[in-house]
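Me: I am new to this structure and would like to learn how to read it. Could we go through it one feature at a time?

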Amino acid sequence: MSVFTSVPPEVDAAVQRADGASRRDFLKSTGLLVVSFSVAGVAAPLQTAQGPGPYPDPDFRQLDTWIVIREDNTATFFVGKTDPGQGTGTAFRQIMSDELDMPYDRTSCVMGATDVTPDQGGSGGSDALQVDGYPMRRAAAEARRVLLEMASARLGVPVSQLYVRDGVVSVEADPSRKVTYGQLIGGRRFNVTLTGDNVNAATGIAPLKNVQDLKTSGQPLPRYDIPAKVDGSHKWAVDVKLPGMVHARNVKPPFAGATLTNVDESSVRNLPGFVRVIRSGNYLAVVCEREEQAIRAASALKATWSRPSTAPFPASESLFDYIRSATPTFSAPPVVVGTPDAAFQSAAKVVEAQYEVPFQGHASIGPAHATADPSNDQMTVYSNDMKAYGMRDGIAQFLQMPRDRVRVVWMDGPQGFGRTAADDAGVEAAFIAKEIGRPVRVQWMRHEETGWDTKAPAYVVSMRAGLDPQGTLTAYSFEARAADHNHLGYNEHDTVLIAQLANRRKATPNRGSVGTPSEMYAIPNRRSATHVVGLPLVWETPIRTGNLRDPNGPQVTFATETFIDEVAVAAGADPIAFRMKLLTAGTTDDSGFKRARSIAVLKAVTDASGWDTRVSPKPARTGDVLSGRGVAYTFRNQTVVAQVAEVEVNRRTGRVWVKRLVCAHDCGLVINPSGVRATIECGMLHSLSRALYEEATFDTETVTSMDWMTYPTLRHTDAPERIDIVLVNGDPNPNRPDLPMYGAGETICKPLMAAVGNAIFDATGVRLRRVPFKSERVLAALKAARV
Amino acid sequence: MAILRLTVNGRAHSVDVDPSTPLLYVLRNDLDLRGPRFGCGLSQCGACTVLIKGAAVRSCIMPVSAAAGTPITTLEGLATDGRLDPVQQAWIDEQVPQCGFCQNGQILTAKALLAKNPSPTDAQIREGMAGVLCRCFTYYRIQAAIKRAARLMADGGERSEGEVVA
């Protein structure tokens, strides 16, 4: 079995060139890469004098780093991204095929192997196309330009008299005279240098095509990775199996802030397959030959832990009181527009409300995992980390190894959504592998993942609005407190969990952040104030915050878009009409036409939902099941989204069923409408799960939501009966040649909790200001209001 | 340790393991079958599902000794003669997966559901699938794919003409 048995087949296939040389050998000859491997997979003796390492960074200024064309006229694109399941890999192939003029079916794409693909940072921020797509397109356009020049020389015809179709360059006047890309460059390097201060700016001299000339982009192509995920042949990061590999399991502290005082190794030494106990400070793990042996040994290992002198955090029942009263660790200077104080004083009516969102986890369907190979004085980690490059840097620093002796090979894994931007298992696997000198596979158990994963910050948001006698919104105040002190999220060597537990953490916690409203409402007088608060225990705690699919947006938008609904009720206006009036009252717009596009999106969701224009709540309420509709709108960067939820609320049980969801979505130029629609559909249901079920629970020292029973989520029984999606292009000139590509993903997750809550109000007349809308909470609210 | 005989996807294997080892680890680590995956180890999520006598079974809690001697089917064994099962074909046609990690359990549970009830109602699909979790939330598409698979199976496994592929 070769060391590369578990590398995805497409990587294997892509790195093999027609002349038999591997991608790495290919790059080696350009001075970019050198690699050697022990076939046995067992570590060679450590060398004392170290020369250059085997994994220097692929140079983003070399065209060869991005594109390889083979003699058989097929191309492989190498991009520094990862695809956590939204189909971005397919989209990358589409945009690069288009610029290169190569048929999509003759291309493949390799992502996120730090020694093979240029560092584009991996995934995050829904910016795959918005940011990273552009250097990809420019590299492909430059390759096309260079190939045309080569064809011109070969055919003796000026470039202006040539045309390209499907990777074949032909003479316009005599199409029988032609040459394929593969004949021009196959098996050879471009040796073309790009310019640009950073990877995002990488460019040649070729211009991009006008969007009207793109052919593959805009097509609903099926995702290339799905068939292997459906027939069982796909190789995932969890599937990596190396010769001589052993298995490790962590022994997590039984409560937050625990100090490990004693480990009784004799409790496991005689268990079958036992290899080693690994301990560093409060970090504790067991290594065994077989996976089930490691699981057994980790639960059998006797360890003694002592408690911290003060409680690590408030119990979840008191969380919001704690957040309200805590002294902030950071307060941003308030942002003031107009004269809000004076406007509130002269208001005819003032509306106030406070909103609460608890800690919600990633609760990935597969716990954290990684496999590390320490052979030959290098370290290779196979991981589903969405930011493979950040993990590579973190591991190198944590192990104090030269960066060019460490690589991370990204492979598919359970969904990312930010959890794998603060991945822990990769560093743990690398650490253990280096300690024992053997390849090791680490996987967390369910209680570790749900209990100790990074969580979206909990929020308390206080809102205030002033209306004039005509019901016009004249004054607006937003004040948010986010429990986000020491926010984690970028594979930092001094904040990953093992660094905390092993007492190798940094001294100063990360500051954390708080979101602010994102809408284009024209309100003359505004005040916005934000505060970060911390829990008593900052390190070595299972309640740690990280990036969950827009770290702050869903919480903030739940507050702001529920509140605007409450203000609409106070103004006696229909919820959409009230929002539309606030949007159209503005006369200025930004360079991305966000106001015009917000208006177009809100109009689109009105039409697509068949919106029943009237004031909420719905007047007649009879029967056990009450129905209603709610709307919410927001943007993130330049992506604009409006959603309508139609709900049924059972007033006997408190159960909320979202029967129908409608989403109008403007992300600029759409590369793959099928992929965008799937992402919208699933993103809405993700937020629906957060709206109805998800809440981390804890006592004052332990997280008590640790599996799928104690951390319930949306199930098949909750799926809507119908989902309608409208892809809007609200640009004032949707046919302009440079129509930009924006992101899809996180924006979708922002408005939904408010849309559902607003629909519950419409159905019942009861306003819920705390998520999740669990049945028992809804029932209690209905009873209190005598509904 | 003990020698146990397993029949998986029509092939006989013998493994030398502790009989209490959950079937999941034997399938994955000894037989190199990676369709079933560890999700919770608690029989709560369904990622580890295999088919035993046509029923969807959670391999993360079943001792390998309990599975010995009974034919087991994993995701890799669902296709016959290189031809995808109608459930798998429907999954591709509907472009169901996001990350895809849970889809082993979704596909095999749907297969077991359709084997018992070839034309389930929407409510029966929801109830029958309720115990299989997806954290990318592909539920809506899965339900559409199950209905498509039911039609494919009724038509003898052929994709009907004119059907739009997502």
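Reply: This is a predicted model. Take the radius of gyration of chain B to begin with: for 166 residues a compact globule would come near 15 Å, and chain B has 16 Å, which agrees. Along its principal axes, the C-alpha trace of chain B spans about 55 × 30 × 25 Å.

Me: What secondary structure does chain B have, and in what pattern along the sequence?

Reply: Chain B has six helices and five strands. Following the sequence, they come as β-β-α-β-β-α-β-α-α-α-α.

Me: How much of chain B is buried?

Reply: A residue counts as buried if 20 or more other C-beta atoms lie within 10 Å of its own. By that count, 56% of the 166 residues of chain B are buried. A further figure concerns contacts in chain B between residues at least 6 apart in sequence: 62% of these join residues at least 24 apart.

Me: How many residues of chain B are in contact with chain A, and which helices supply them?

Reply: On the chain B side there are 49 residues, in contact with 47 residues of chain A. Helices H1, H3, H4, H5 and H6 of chain B each supply at least two residues of that side. H6(B) gives the most, with four residues. By class, the side of chain B that touches chain A has 27 nonpolar, 14 polar and eight charged residues.

Me: How is chain A divided into domains?

Reply: A domain may be made of more than one stretch of sequence, as domain 1 of chain A shows with 3–31 + 62–231. Domain 2 is 237–307 + 368–443, domain 3 is 316–360 + 454–553, and domain 4 is 587–784. The C-alpha centres of domain 1 and domain 4 of chain A lie 38 Å apart. Between these two domains, 19 residues of domain 1 are in contact with 19 residues of domain 4. On the domain 1 side, H4(A) and H5(A) each supply at least two residues, and the largest share, four residues, comes from H4(A). That side divides into six nonpolar, 11 polar and two charged residues.

Me: How do I read a strand such as E16(A), and which strands does it pair with?

Reply: Look at its cover, then its partners. Strand E16(A), residues 369–373, has five of its five residues buried. A:His369, A:Thr371 and A:Asp373 are on one side, A:Ala370 and A:Ala372 on the other, and both faces are covered. E16(A) pairs with E19(A) in the antiparallel sense over four bridges, where A:His369 has A:Gln443 as its bridge partner. E16(A) also pairs with E17(A), again antiparallel and over four bridges; there the partner of A:Ala370 is A:Ser383. E16(A) and E17(A) form a hairpin with five residues between them, and A:Asn376 in the turn has a positive phi of about 55°.

Me: What span should helix H12(A) have, and is H12(A) largely enclosed or exposed?

Reply: An α-helix has 3.6 residues a turn, so residues three or four places apart point the same way. At 1.5 Å a residue, the 12 residues of H12(A), 425–436, should span 16 Å, and its end C-alpha atoms are 16 Å apart, which agrees. Nine of the 12 residues are buried, so H12(A) is largely enclosed by the rest of the structure. Among the buried residues are A:Val427, A:Glu428, A:Phe431 and A:Ile432. Just after H12(A), A:Gly437 takes a positive phi of about 70°.

Notes: Residues numbered from 1 in each chain as written. Chains lettered and ligands numbered in written order. Predicted model: local features only at pLDDT ≥ 70, side-chain atom pairs only at ≥ 80, totals over all residues. Rg over C-alpha atoms; globule rule 2.2 N^0.38 Å. Contact = placed C-beta atoms within 7 Å. Pairing = 2+ DSSP bridges. Nonpolar A, V, L, I, M, F, W, Y, C, P; charged D, E, K, R; others polar. Domains from an automatic or database assignment. Expected span 1.5 Å × (residues − 1).
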